[in-house]
Amino acid sequence: MAKIRLTKNELKKQKDSLKMFRRYLPTLMLKKQQLQSEIRITDIRLKELQIAKVQLDESFKPWIGVFGETGVFLKDMLKITSLKTGYGNIAGVPIPVFEGAEFEMAVYDLTTTPSWLDKAIECMKKALLLQMESEVIEEQKKRLDKELRTTTQRVNLFEKVKIPETRGNIKKIQVYLGDQQTASVVRGKIAKSGTEKAAN
């Protein structure tokens, strides 16, 4: 703790600081609550995406064996050409927002390929979209978690350190100044009494 001067100017400075801390603390607490709420929303969305992925995997199971047919489903059959993300802002935190993706499908002969190939490609698109959205939501959560840690540290600093420390400083200065004023009055009375005795 830095040493404080026991003066009226320092008292004013400490009172101004206390006023500022009290003014900003509610804003920080509100930001903390907003971040916690948004993190809960991202957690819910991640769970929804996980459930959708499990359901998609379940829908694949009955006919997954046909993927093994030689030369039908090739690696380059479906490519992601672009991931579309926008940007949002939550409580002053810039976050990526998933807006979709564009795919490129290989051209294949409809007469020589099995009929299930179209459905398989659509399922692959859905799986990739779920995966990409999950990654974007994870990034959102990471940024929000980081900001929440910083905001929580600031709230704790104000609540547990700065406000009590400033209150203590104000009290210390007020006691000192009060003692100085009392001592000054006592000295004045002693001087007056001494003057009166000398006059008699």
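This is a short tour of a predicted model, stop by stop, with what to select and what you will find there.

**Stop 1: the aromatic pair**

Start by selecting Phe21 and Phe158. The structure has one aromatic pair, and the ring centres of Phe21 and Phe158 are 5.1 Å apart with their planes at 65°, so the pair is edge-to-face. For that label the planes have to be over 60 degrees apart. Now colour the helices: Phe21 sits in helix α1 (residues 8-60) and Phe158 in helix α2 (residues 116-199), so the pair ties together parts that are 137 residues apart in sequence.

Arg23 lies over the face of Tyr24, 5.3 Å from the ring centre.

**Stop 2: Glu133**

Next, pick Glu133 in helix α2. Which residues does Glu133 touch, leaving aside its neighbours within four places in sequence? Show Arg45, Leu49 and Phe98, which are in contact with Glu133. With 16% relative accessibility, Glu133 counts as buried, because the limit for that word is under 20%.

**Stop 3: the hairpin**

Switch to a cartoon view and select residues 78-90, strand β1, together with residues 93-105, strand β2. These strands pair in the antiparallel sense over twelve bridges.

Then follow the chain into the turn. Two residues separate β1 from β2 in this hairpin, and Ala91 lies in the loop between the strands. What is there to notice about the phi of Ala91? The angle is near 50°, a positive value in a residue other than glycine. Most residues other than glycine have a negative phi. Check the surface here as well: Ala91 is buried, with a relative accessible area of 19%.

**Stop 4: salt bridges**

Side chains of opposite charge can pair when their charged atoms come close. How many salt bridges does the structure hold? There are twelve, and the stops below visit some of them.

- Select Arg5 and Glu10, which form a salt bridge with their closest N and O atoms 3.5 Å apart.
- Move to Lys53 and Asp57, where the closest N and O atoms of the salt bridge are 3.8 Å apart. Both residues lie in helix α1, four residues apart, about one turn of the helix. Lys53 counts as partly exposed at 29% relative accessibility, and Asp57 counts as partly exposed at 35%.
- In helix α2, select Arg143 and Glu139, again four residues apart, about one turn of the helix. Their side chains meet in a salt bridge, at 2.9 Å from N to O. Arg143, at 30% relative accessibility, counts as partly exposed, as does Glu139 at 24%.

**Last stop: a network**

Finish by selecting Asp43, Lys141 and Asp145 together. What links these three residues? Asp43, Lys141 and Asp145 are joined in a network of salt bridges.

Technical notes. Residues numbered from 1 in each chain as written. Predicted model: local features only at pLDDT ≥ 70, side-chain atom pairs only at ≥ 80, totals over all residues. Heavy atoms only, no water. Phe/Tyr/Trp six-rings, centres within 6.5 Å; stacked < 30°, edge-to-face > 60°. Lys NZ or Arg CZ within 6 Å of the ring centre and 35° of its normal. Buried < 20%, exposed > 50% of the residue type's maximum accessible area, 1.4 Å probe, protein only. Contact = heavy atoms within 4.5 Å. Pairing = 2+ DSSP bridges. Salt bridge = Lys/Arg side-chain N within 4 Å of Asp/Glu carboxyl O.
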